[in-house]
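Subject: Structure handover and notes

Hi,

Here is the structure I promised to pass on to you. Could you open it alongside this email while you read?

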Amino acid sequence: MSVSSKEFCTSETAWCPGCGNFSILKCLKQSLEELGKDPHEVLLVAGIGQAAKTPQYLSANSFCGLHGRALPVAIAAKIANQNLTVIVNSGEGDSYGEGGNHFIHNIRRNVDITHFVHDNQIYALTKGQASPTSAEGHVTGVQTEGSMNTPLNPILMAIAAGAGFVARAFSGEPEQLVSIMKQAILYKGYSLVDILQPCISFNKINTFSYYQKRIYKLKSDYNPYDKVEAIKKALEFGNQIPMGVIYQAEKRTFHEKNSVLSSGVPLLDQHQDVSLIEKYIREFV
Amino acid sequence: MYNILIGGAAGQGVDTTCAILEKLLKQSGYHVFSTKDLMSRVRGGHNFTLIRFGAEEVASHSYILDGIVAFNQETVELHRSKLNSNGFILCDPSLSVEANNVVKIGMNDIAKKLGNPKVAGSISIGAILKLFGETLDHIRNVFAKVVKPEYLDINLKAVEIGYDSVEQQYPHKDGVYGDWMLLTGNQALSLGAITAGLKFYSAYPMSPSTSIMEYLAGKMTEAGIVVEQAEDEIAAINMAIGASFVGARAMTGTSGGGFCLMVEALGLSGMAEIPLVVADIQRPGPVTGLPTRTEQSDLNFVISASHGEFPRMVIALKNHADAFYQTIRAFNMAEKYQIPVIILSDQYLADSSATVEPFDINKIKRYCASEEQYDGEYLRYRFTTNGISPRLLPGTTKGFASADSDEHDERGWITESAEIRVQMMDKRLLKLKKLELELQEPEFIGNDSCETLFLGWGSTYGPIKEAVTILNRQSSKRFGALVFGDVYPLPVKYLTEKIKKAKRIINVEQNATGQFAQLIREKTGIVCTSSILKYDGRQISGEQIAEQVLKEAGK
Ligand SMILES: Cc1ncc(C[n+]2csc(CCOP(=O)(O)OP(=O)(O)O)c2C)c(N)n1
Ligand code: SF4
C-alpha cells in the first residue's frame, strides 16, 4: 500500500453484500479525495458496531474505541492537534443510545469535528434489537410486542441543543451524500449528518425501497439559516423525509473560544517554559 | 512541637483563618502540617483543622492538643478531652467554658465594632501569635495574598487587637528555614503534572479530587494546558485517551465512584496501548460513602479494575513531596510502557498542607519516547523484544496510526486469528517484565534489626513514621516499617529481606479488610501477624498506632 499518494485506499470489509455502509464508505473516500486531504492528515474515530468498523476499511489514522465513546475521543484529539481533520463514523445506537450524553454535550462544546451517523434504525452488530431511532411497533427478538418507546428525532434534538450544522442524507443517494459530507467536513464546528442506511440483514422494515419511497431533496431555495423552518423540516419523518442541510448557523468553535487554542498553534506543539514551573514553585514559598 | 485545633461551623471562616495562620507560622520558621476534618455540607455542622508546627520536621497530624480555638460551643465539647493538662481554649465570652486555661476575647463584639463580623478569625490569629511568642512581622505580606485590598487594613487591625489581648504562654522555638513550600497534596500532584508536561486534563467534579482541576484551571492559559470539565467520568477518561493518542500528555482525576465509571476505558488504554495517567483520590466507599473524609479502600479495585488482562501500574502517594515527584514518574512510566498508570492518593493527603523543601526541578528526568518517522508502512503494534512498539503520532508524519479496542494485528486491524491473539496478549504483558525492573522498593523506617515490622502504603507514611519513632523511644523492643509507594506491580525485594528478622509483622491500613496485607500474601505468601485498621473516615495518627501496639503488648 502506498501511503504517500493522496489516495485513500479501502480494504476488504466484513459487511454483508448489499449493506448501506458500502456506499457511505465509498462516499467518504470520494469526499476526502475531492477535498484534497492526505490520509495522514485525517483521523477517523469510531465506537463499536457495524458502522463503527468504517475506519478499519479506509487508509488514514484511525481510532476504534468503545461503544458510545467515539465523541469524547474525537474532540480531545482535535483539541490536542487541530491540524487533524477529525471525522466520527458510528451507528445511531453508538451515537444516540450508549453515547447520548456525549452527543448532547459535545454539541454544546462545538469542537470542529464531523459526525456521520450511519442510522439503520436497528442494532446490527448485536443482531437486531431496537435502536433509539427504531419506529414504534418495530418487532424484534427483544421487542417481541414491538418497540414501545418513542423514537428519537436526532435532527430535532441536535438543532434544539444548539448544533450549527445538521443534515440528513441517504446512503442510496451517493451524489447528494458526497456533497453533504464535504460541506460537513468544511463546516467550522461540530457537524452532524444523520445518514439513513439500510441494514439488509436485521431491519426488514426500513429497507432501501422504504427510504427511496419517502425521501425528497430540499429545494434549492430552502434557507438552512432559518431555525424555525429548520425545526419544521426536522419534524418531518414519516411518509416524507427531507434530505439535505436542514440547519446551519455560524457559531464560535471551541478552539476560537479557548485561550490556549485560539492562537492556532496546535496544543501538541506549544512548548512549555521551564521558568514557569520555577515560578509556580515560588508561589508556595 | 505544638498542636492546635481550630473549629467551628461551616461558613464561620475556619478555613480562611487556618490558611492564613499556617502561612504566618511558616514565615516564623516553623515546619507546619495541617489537616482538615470537614463535613459534607456548605453551612453549619462541625468542621475543624488541626495545625501542628514546630522547629523539627512534621509529617503527620496529632490528636493531642496544646490549644483549641473554638468558634462555637460544639468545638469545645467535642475536643476538650484531647487537650493537654495545660492546654488553652481560646473563644468568645459568649461560649460557656469552664476550664483551667480559658482565654476569652470578645471577638464577636470587637469584630462588629470594627465593622465586619468576619474578622473575628483574624483576632484569633493575633491572639495565637502572641500566645506562642511570635511577632507580627509578616502579617501584612501574608494577608495581602489572601484578602482583598479593601479588607486588608481592617484585618490587620483585628490581628493587632487580638495580639494585644493576651499574654504569651509558650516559648518561640527557632526554626531552621524560611523558604520552604507550604502546599496541599493535590497542589503538589498538580504541580507535578504540569512539570511532567501535562497538556490536557479532563475530569468531572468529585471530592476530594476537584481541587486538582481547580489548580490546573487557574494555570490553564499561562501554562498552555486545556482543562475540560467533562459531562461525566466516562467522557473524562475517553477524552484523556483521545488527547494522548494524538500525542499530548494527558491525565484525568477522580475519586472511587468516578473511577468506577472509567473502568472500561482503563482497559482501552491497556488494549490500545495509549499512555494514560489516572489519579484516584480515595474517599470512603462504597458508592457515595463519606464524601469529605479519608480511606484507603480502592486498592483492590484499581489493581484489578476492567475486564480481561493487561499491564498497568499503580503508585500510591506517601506525602507531599512524593505527590510531586511520583506524578512526574507516572507520566514517564505511562509514556515509556504505553500503559495506564494509576496514582492513588486520598483525602488526607489531598487536603492536608505541609511544609516541604522546594521541589528540585533539576532532579527531574522527563522520559520522552522518540517519535518515529515513517514514510513506509507503519505498524502501530509491531512485535518487539520488549513488547513496546514505536509510537507514531497521527498527523506528524506521512505514516498513519491506528488504535483499536478490538484485538488487532500489528497494523492495528481487527483480527480473530487465534495465533495473533496469543502473540498480542504476550506482547502486551511482556512490557511488565521490563517495568518490574524499574520498580521502587518501599522506604524503610526505624531500627534495622527490628522485631516488629509495620507494613503500610500511601498516606499512612507520616503516621507510621511517627509511630516508629514513638515506639523506639518508649519501648525496649525494636520497631521498623516498610511503607510502599509502588503497590502494583509489587516490589518484593526489601520485603523478603526485612521479613527474615522480624518476629511480628503488622499491617497498618485505612480500610476494614486489610487489602494490602492480602496483596502481600497473594504475591509473596507472607502473612501479617496482626493488623491495625481504621475505617471511620478519619486518618490514624502516629500516637494512635503506637498506643494500639503498646496496649496489645501489655495484654
Ligand atoms: C458497553 C457496551 N455495551 C454493549 C456493547 C455491545 N454492542 C456492540 S455494537 C452495539 C449496538 C450497535 O448498534 P449501532 O451503534 O446502531 O451500530 P450498527 O451495528 O447498527 O451499525 C452494541 C449494543 C458493547 N460493545 N459495549
Ligand atoms: S448486518 Fe446490517 S449493518 Fe451490518 S453489514 Fe450487514 S447489512 Fe450492514
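Chain A has a mean pLDDT of 96, with 98% of its residues at 70 or more. For chain B the average pLDDT is 94, and 98% of the residues score at least 70. One stretch to treat with care is residues 1–5 of chain A, where pLDDT stays under 50. The model still gives that stretch 11 contacts beyond four places in sequence. Where pLDDT is low, the predicted coordinates should not be read in detail.

Now to chain B, and to strand β17, which spans residues 452–457. Of its 6 residues, 6 are buried. T452(B), F454(B) and G456(B) point one way from β17(B), while L453(B), L455(B) and W457(B) point the other way. The residues on both sides are all buried.

Which strands does β17(B) pair with? One partner is β18 of chain B, residues 479–484, which runs parallel to β17(B) and is joined to it by 6 bridges. Within that pairing, W457(B) has F484(B) as its bridge partner. To get from β17(B) to β18(B), the chain passes through helix α15, residues 461–474 of chain B, in a right-handed β-α-β crossover. Another partner is β20 of chain B, residues 504–509, also parallel to β17(B), with 4 bridges between the two. There, F454(B) stands opposite I506(B).

E451(B) sits in the loop between β16 (443–446) and β17 of chain B. Is E451(B) buried or exposed? With a relative accessible area of 18%, E451(B) counts as buried, because the cut-off for that class is under 20%. Leaving aside residues up to four places away in sequence, E451(B) touches K477(B), R478(B), A502(B), K503(B) and R504(B).

Then some backbone geometry to check before you run anything. Most residues other than glycine have a negative phi, and most peptide bonds are trans. Here are the exceptions I noted:

- S207(B) and P208(B) are joined by a cis peptide bond, with omega about -5°. P208(B) is in the loop between β8 (200–203) and α8 (210–223) of chain B.
- G285(B) to P286(B) is also a cis peptide bond, and its omega is near -5°. P286(B) belongs to the loop between β11 and α11 of chain B.
- N110(A) has a positive phi, near 60°. This residue lies in the loop between α4 (100–109) and β4 (114–119) of chain A, and N110(A) is buried at a relative accessible area of 1%.
- S306(B) has a positive phi as well, near 85°. S306(B) is in the loop between α11 and β12 (313–316) of chain B, and is buried with a relative accessible area of 13%.

Finally, two glycines in chain B. G289(B) is in the loop between β11 (276–282) and α11 (299–304). G289(B) is partly exposed, with a relative accessible area of 39%. From G289(B) to E160(B) the C-alpha distance is 43 Å, across 129 residues of sequence.

The other glycine, G133(B), lies in the loop between α4 (120–131) and α5 (139–146) of chain B. G133(B) counts as partly exposed at 22% relative accessibility. Not counting residues up to four places away in sequence, G133(B) touches Q168(B), Y170(B) and H172(B). G133(B) and S417(B) are 284 residues apart in sequence, and their C-alpha atoms are 76 Å apart in space.

Happy to talk any of this through.

Best wishes

Definitions and conventions
Residues numbered from 1 in each chain as written. Chains lettered and ligands numbered in written order. Predicted model: local features only at pLDDT ≥ 70, side-chain atom pairs only at ≥ 80, totals over all residues. Heavy atoms only, no water. Buried < 20%, exposed > 50% of the residue type's maximum accessible area, 1.4 Å probe, protein only. Pairing = 2+ DSSP bridges. Right-handed = clockwise from strand over helix to strand, strands pointing away. pLDDT = per-residue confidence, 0-100. Contact = heavy atoms within 4.5 Å.
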